Amino acid sequence: MGLSLWNIFKSGLLCTNALLILNRPRFLAKYGLDDVQNMGCSPSEKPLKYQAVGLLSAVQYLKVPVIALNIVTIVFEILLGGS
């Protein structure tokens, strides 16, 4: 598997799929990040944690486009032969 734009796209899609299937409340509760409002600090004190929680929240809005991109990727792989 060479380094091409198609393979970079597929790996990004795979990572996005991985973030989408996480059960966010259960995953974040293990690290104490399930309730951002009651973390006891301002967002400026722990910016990386807030950004991670924000990323997991924001990626939930990508469900429909990711499903469409998965279908397109599967069709291309079937028609063009997987690399």
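1. The protein chain has four helices and zero strands, where helices (H or I, at least four residues) and strands (E, at least two) are DSSP runs numbered from the N terminus. From the N terminus on, the order is α-α-α-α. The model is predicted: local features need pLDDT of at least 70, side-chain atom pairs count only at pLDDT 80 or more, and totals for chains, interfaces and linings use all residues. Residues are numbered from 1 along each chain as its sequence is written, and side-chain values use heavy atoms, with hydrogens and water left out.

2. Of the chain's 83 residues, 16% count as buried. Buried means under 20% relative accessible area, exposed over 50%, and partly exposed in between (1.4 Å probe, protein chains only). Among contacts (heavy atoms within 4.5 Å) with a separation of 6 or more, 67% join residues 24 or more positions apart.

3. Helix α1 covers residues 5-20. Its 16 residues should span 22 Å at 1.5 Å a residue, and the end C-alpha atoms are 22 Å apart, which agrees. The expected span is 1.5 Å times one less than the number of residues.

4. Which residues of α1 are buried? They are Asn7, Leu13 and Leu20. These cover an arc of only 140 degrees around the axis, which puts them on the same side of α1. The arc is that of the directions from the helix axis to the C-beta atoms. Leu5 and Cys15, on the other side, are exposed.

5. What covers the buried residues of α1 includes α4 (63-80). The two helices pack at an angle of about 140 degrees, with axes 11 Å apart. Axes are lines fitted to C-alpha atoms, for helices over the stretch in contact; angles run from 0 to 180 degrees between N-to-C directions. α1 and α4 are therefore oblique to each other; under 35 degrees counts as roughly parallel, over 145 as roughly antiparallel, 65 to 115 as roughly perpendicular and the rest as oblique.

6. On the α1 side, the residues meeting α4 include Trp6, Phe9, Lys10 and Leu13. On the α4 side, those meeting α1 include Val66, Leu69, Asn70 and Phe76.

7. Asn70 lies in α4. At 23% relative accessibility, Asn70 counts as partly exposed. Asn70 touches Leu13 and Asn17, leaving aside residues up to four places away in sequence. Asn70 and Lys10 are 60 residues apart in sequence and 9.1 Å apart in space, C-alpha to C-alpha.

8. The 18 residues of α4 should span 26 Å at 1.5 Å a residue; the end C-alpha atoms are 25 Å apart, which agrees. Just after α4, Gly81 takes a positive phi of about 80 degrees.
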